[in-house]
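Good morning, colleagues. Please keep the display in view as I speak.

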Amino acid sequence: MLQNIFFGLSLGAVYSLIAVGFALVFNILKFSNFSHGGVMSFTAYAGYLAYIWIFDGKVTGVTMFVAVVLTAAVVGSLTAVGIERVGFRRLRSNQAPVIYYFISSITLGILLENIITIFASSNFYSYPVFFSSKNVDLLGTSFSVADFVTLLFSTAALGALLFVLYRTKLGLAVRTVSFDVNTATLMGIDPNRVVMATFALSGALGGISGVFLGMNYSLYPQLGQLVVKGFIASVIGGLGSITGAVIGALLLGIIEVGLIGLVGSGWMPACVFVIMLVFLLVRPRGIAGVIVQEKA
Amino acid sequence: MDYIYSILTLTGITMIGVMGTYMVTGLTGQFSFGQAAFMAVGGYVSAMLTLRFNLPFPVVVLAGSVAATLTGLLVGMPTIRLRRDYISLVTFGFGEAIISVLNNSAQLTGGAEGLVGIPKRVDLLLVAVSVICCLFLVACYKNSKFGRQCLALRTDELAARSMGIDVNRMKLVTFLFASAITGYAGVLYAFYSQYLEPGYYNWTVSAEWLIIVFVGGINSLTGAMVSSVILTGLPELLRFASAWRILIYCIIVLLIINYRPNGIFGDWEISRLWKKRRAVLGGRA
């Protein structure tokens, strides 16, 4: 029981990275960034390539893991900034309606997925085993090291993000722009730089979650479609709320593990979907309860 | 010749699917990433009714469309009153859920190996007639009171609401109509290809339809139809590798979105040709 909850938490931690990366961009541009999935699969491959080309044989174990995750995070930020440049910069300067952001983000997501399919073919690759399958004994139950590290690392990444958002000048700028772009501009904030920074942060989170997903599942071009878990988590938690996203993701992780035990992994996605529908019927605002108004 | 027939038929079926997407996106400004899942519902329900109960084809067609509409109701009811993002996210999740259900009820649906042995009931003629009928219905809907209300609410929901338009009801009605049409496309596909597999109804199919609508111009039904012919028919004929084809689509879309945001056709409709001519003739008389 305890073991299952722990497994659920570690799964939820990965989902929370996805959901938060998604919520960051939602907060600032007020649209759902569907290219996040593309960034995730892209970085998962980047991490794998970094492992094969650079780190293999030089470092091992935890050092290797940290190196791969950091590489993926950097690649993720760069990709996301590139996406912003190609897909959204011009739209923002044209003040295009939200629909165009949507289409642009979907297109970029599909584009990334197909670039991977073309260059890496749709084969499955598997990530190296970073941690021996040892278990840690705690409170009479045993936990796997990989889950433990996942949980630890995700918490650290989220903590770093919260620090940047709430304790630094850049974070203040991000929050200001997400509140009101025009006022922020009048106060001397350059919205282009802030949006770029937000995309970089979200891309870094996407990169880290990409590696975790690659470790948990195998590596294939459609890996990014697991971004749907992040969407569900943010729907449960409340769109655009970062705390909500984290809570929703952890809940989702635990629910999923519970459902796998109850109905099996095949029916789990359908059950989760029904739970989400019920949730939307009962409390459409999500747990955090923030209502994000659509701009008229 | 068979090859060309099959491309034409598949293009026709895609056109019907694109009409569904056009209604959801072009008329009400919602984004559905699970439109292909309605096609799956229509296709699987009709095929299973035929295989298990041997019902006649017209009944099965009706049943497939009705089933798709009912699923549309299930998905649309909780989400349509919320902001636009929810319908995209929920339909996305819906697509994944449908695929997982199809994959995991192997005794009923054949699972990942697919459903085989569906009799062939659909040929090019039927598809062509269906395309024309659906096109007629959608065009009428667009020009009717409902269609104009939809366009109003897409442009400015608040203004539409204050003019007395029941925004949520209009969105739901349009969404259901679109689900029915897409379900019908699914039935056609099932009885044309004689084989169904869950992997075909991926969200990328829905996204591809959205892209098609967008390339043609979000305000123009003519544009959506022309671009679905160009973007599905031509590459098949020219035998592009599929990954490259989608890559090229994406680049086209990015160019269009950045430099010509109204799509190729803008809000031009082919019906303007004869409307204008009539106006000119009327002016002379």
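Predicted model: local features only at pLDDT ≥ 70, side-chain atom pairs only at ≥ 80, totals over all residues.

How many of its residues are buried? The count is 11 of the 11 residues, so H9(A) is largely enclosed by the rest of the structure. The buried residues include A:Lys229 as well as A:Gly230 and A:Ser234. What covers them includes H1, H2, helix H10 (242-263) and helix H11 (268-282) of chain A, together with H4 of chain B. Directly after H9(A) comes A:Gly238, with a positive phi near 110°.

I now turn to the contact between the chains as a whole. Chain B gives 38 residues to it and chain A gives 36. On the side of chain B that touches chain A, the elements giving two or more residues are helix H3 (57-79), H4, helix H10 (203-216) and helix H12 (242-259). Which of the elements supplies the largest share of that side? It is H4(B), with 15 residues. By class, the side of chain B that touches chain A divides into 24 nonpolar, nine polar and five charged residues.

H2(A) and helix H8 of chain A, residues 191-216, pack at an angle of about 60°, and their axes are 7 Å apart. H2(A) and H8(A) are therefore oblique to each other, and their crossing is right-handed. From H2(A), the contact includes A:His36, A:Val39, A:Ser41, A:Ala44 and A:Gly47. From H8(A), the contact includes A:Gly203, A:Gly206, A:Gly207, A:Gly210 and A:Gly214, as well as A:Val211 and A:Leu213. This contact has six nonpolar, 10 polar and no charged residues.

Next, the core. The largest nonpolar core has 182 residues, and the members that touch the most others are A:Val20, A:Ile208, B:Ile16, B:Ile98 and B:Leu188. Its largest share, 18 residues, comes from helix H1 (residues 2-29) of chain A. Setting aside residues up to four places away in sequence, B:Leu188 touches B:Ile13, B:Ile16, B:Val122, B:Val127 and B:Ser130.

B:Ala36 is found in helix H2 (residues 35-53) of chain B. Is B:Ala36 buried or exposed? B:Ala36 is buried, because 29 other C-beta atoms lie within 10 Å. Beyond four places in sequence, B:Ala36 touches B:Gly95, B:Tyr201, B:Asn202, B:Val205 and B:Ser206. B:Ala36 and B:Thr21, 15 residues apart in sequence, are 9.4 Å apart in space, C-alpha to C-alpha.

B:Arg154 sits in helix H7 (residues 145-155) of chain B. With 22 C-beta neighbours inside 10 Å, B:Arg154 counts as buried. Leaving aside neighbours within four places in sequence, B:Arg154 is in contact with B:Leu27, B:Thr28 and B:Gly29.

The remaining two residues are found in loops. A:Lys30 lies in the loop between H1 and helix H2 (36-55) of chain A, and has a positive phi of about 60° although it is not a glycine. A:Lys30 is partly exposed, with 19 other C-beta atoms within 10 Å. B:Asn54 lies in the loop between H2 and H3 of chain B, and B:Asn54 also has a positive phi of about 60° without being a glycine. B:Asn54 is exposed, because it has 9 other C-beta atoms within 10 Å.

Thank you; I welcome your comments.

Notes. Residues numbered from 1 in each chain as written. Chains lettered and ligands numbered in written order. Core = buried A, V, L, I, M, F, W, Y, C linked by C-beta atoms within 7 Å. Buried ≥ 20, exposed ≤ 12 C-beta atoms within 10 Å, placed from the backbone. Helix = DSSP H or I, 4+ residues; strand = E, 2+ residues; numbered from the N terminus. Contact = placed C-beta atoms within 7 Å. Nonpolar A, V, L, I, M, F, W, Y, C, P; charged D, E, K, R; others polar. Axes fitted to C-alpha atoms, helices over the stretch in contact; angles between N-to-C directions. Parallel < 35°, antiparallel > 145°, perpendicular 65-115°, else oblique. Left-handed = near helix turned anticlockwise from the far one by under 90°.
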